[in-house]
Amino acid sequence: MGRHSHHHHQQFSTHQNPEKKAGTNGDSHSMKKKVKEIAEKLKFLSDEEIGGLKSIQAVVSALEMESLEEVGVSLHPQSRILSSIHYICSLLSTTSRKYFSFLSSKKISKSNIYCLFFSFLAFVFYFELHTSSGFTRFWLKWENVDLRSVECTIESPNLAMELFRPPVPCVFCQNVKSADRVSDILPSEFEHKYAYSGRPVIITDAMGNWTATNTFTFSFLKSIYGEGSRSLEHFGEDCLFFPYLTEFRSLAEVFNMSYERSLQPWYIGWSNCDATTSHILRKHYERPYFLPTTAESTHADWIFIGTPDGPGAHMHIDHVINPSWQAQIRGTKKWILQPPPECFYQCQSFHIDVGPGEIIVLDTNKWYHQTMILPGDMSVTIGSEYD
């Protein structure tokens, strides 16, 4: 049946309308003529002008045309783009073999540069890589990723997140020279003055009935993580591990470090994603009394631990959703706070010490912050975001 259909198609093709066939040939001839004119113009462009052809509009301007419609090329009918690019490459290269051989040649002619450039444009517009949706579809297809199977498809590098961080109004840090130290503060007052204003504050009496101050040690934290815990190998999107300046690659490596390594400075952090461990931890601390009644903490516990008289976290800004509180269970930590670059001329940097039994509330999405562990006891901090 396939052969019969093919034969029938051949018969039909040989009996086409002569007028329609002539019209098609005329359109094709007209297209080739226009493209040949373009090719001739491109030959007279200098190397500097060629280097400036970084967009469709730049090509159009270089050809002294108002739009691509003069060439007979539309951006939306993708087949016409590809056919036009094919014509240009064919005219500018003597043969297709010469075109493909330029990849291995030492010298690249202008004609091959033109072909490469237009082929790249064809590739971009064919797959719609110039649009956010098109680029996303192409990336997911390339990585063979099912968008519905992961919480975060593409992890953004820290540098990229820093470069594209949206600027913030500087009202949050204006006239702020230090952090207030308060106690016995009502949730309503805390909400009005500190909760969402970005102004840092230290609550000095929020851990009066917590048993964590006597319980949370390195040995205790190590003992509550059973073998196979997701937190030990930070397995999963919600299991984060921060090695900072150390060589550790997981929480398991920290808990299994040698005695000699434990004598050297180190500081790490992680988000607890183990439900059993979370239940044990929360037996020893409770929701801070000063949080607004409508605020809810996230389900994840953030834990930071490090040796005394050593470095803590480097200067950075967080990329989380909400402000957070951090309870200094043991040891003393120095916080160095800096306003974001857009606020350098309106706000100032300062540092504060947070001692055992104190809670610092800080919007780490706005304040750049660095920490150092002061001499004394090992530093143990636990905290969470709140909305």
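The side chains of R249 and E253 meet in a salt bridge with an N to O distance of 3.0 Å, a salt bridge being a side-chain nitrogen of Lys or Arg within 4 Å of a carboxyl oxygen of Asp or Glu. R249 is exposed at a relative accessible area of 62%, whereas E253 is partly exposed at 27%; buried means under 20% relative accessible area, exposed over 50%, and partly exposed in between, with a 1.4 Å probe and protein chains only. By the salt-bridge rule, the count comes to 7.

The model is predicted, so local features need pLDDT of at least 70 and side-chain atom pairs count only at pLDDT 80 or more, while totals for chains, interfaces and linings use all residues. Residues are numbered from 1 along each chain as its sequence is written, and side-chain values use heavy atoms, with hydrogens and water left out. Helices (H or I, at least four residues) and strands (E, at least two) are DSSP runs, numbered from the N terminus.

**Further salt bridges**

- R199 and D180 form a salt bridge through their side chains, at 3.3 Å from N to O. This pair links distant parts of the chain, with R199 in the loop between α10 and β2 and D180 in strand β1, 19 residues apart.
- Both partners are partly exposed: R199 has a relative accessibility of 28%, and D180 has one of 25%.
- A salt bridge of 3.0 Å, N to O, joins the side chains of K334 and D353. K334 belongs to strand β8 (residues 333–338) and D353 to strand β9 (residues 350–354), so the pair ties together parts that are 19 residues apart in sequence.
- K334 counts as buried at 18% relative accessibility, but D353 is partly exposed at 32%.

**Nonpolar cores**

- The largest nonpolar core has 42 residues, of which F190, L221 and W270 touch the most other members. Such a core is a set of buried Ala, Val, Leu, Ile, Met, Phe, Trp, Tyr and Cys residues joined through side-chain atoms within 4.5 Å.
- Helix α13 (residues 251–255) gives the most to this core, namely 4 residues.
- A second, separate core comprises 16 residues, including F172, V176, C347 and I360.
- Residues up to four places away in sequence aside, F190 touches I185, A195, V201, F290, L291, P292, V361 and Y386, where contact means heavy atoms within 4.5 Å.

**Helix α10**

- F190, Y194 and A195 are buried in α10. Viewed down the helix axis, the buried residues of α10 fall within an arc of 75 degrees, so they line one face of the helix; the arc is that of the directions from the helix axis to the C-beta atoms.
- These buried residues pack against β1, β2 (201–203) and β10 (358–362).

**Strand β10**

- Strand β10 is largely enclosed by the rest of the structure, because 5 of its 5 residues are buried.
- In a regular strand the side chains alternate between the two faces of the sheet. E358, I360 and L362 point one way from β10, while I359 and V361 point the other way.
- β2 and β10 run antiparallel and are joined by 3 bridges, and two strands pair if DSSP finds at least two bridges between them. I202 has I360 as its bridge partner in β10.
- Strand β7 (residues 324–330) also runs antiparallel to β10, with 5 bridges joining them. Q326 stands opposite I360.

**T364 and its surroundings**

- T364 is located in the loop between β10 and β11 (368–373), and at 2% relative accessibility T364 counts as buried.
- The side chains of T364 and D318 are joined by a polar contact of 2.7 Å. A polar contact is a pair of N or O atoms within 3.5 Å; within protein, one must be able to donate a hydrogen and the other to accept it, and residues adjacent in sequence count only if both atoms are side-chain atoms.
- Beyond its neighbours within four places in sequence, T364 is in contact with I317, D318, V320, S324 and H369.

**Positive phi outside glycine**

- D184 is a residue other than glycine with a positive phi, near 50 degrees. D184 lies in the loop between β1 (180–182) and α10 (187–195) and is exposed, with a relative accessible area of 64%.
- D309 likewise is not a glycine, yet its phi is positive at about 55 degrees. The loop between β5 (301–306) and β6 (310–311) contains D309, which counts as exposed at 58% relative accessibility.
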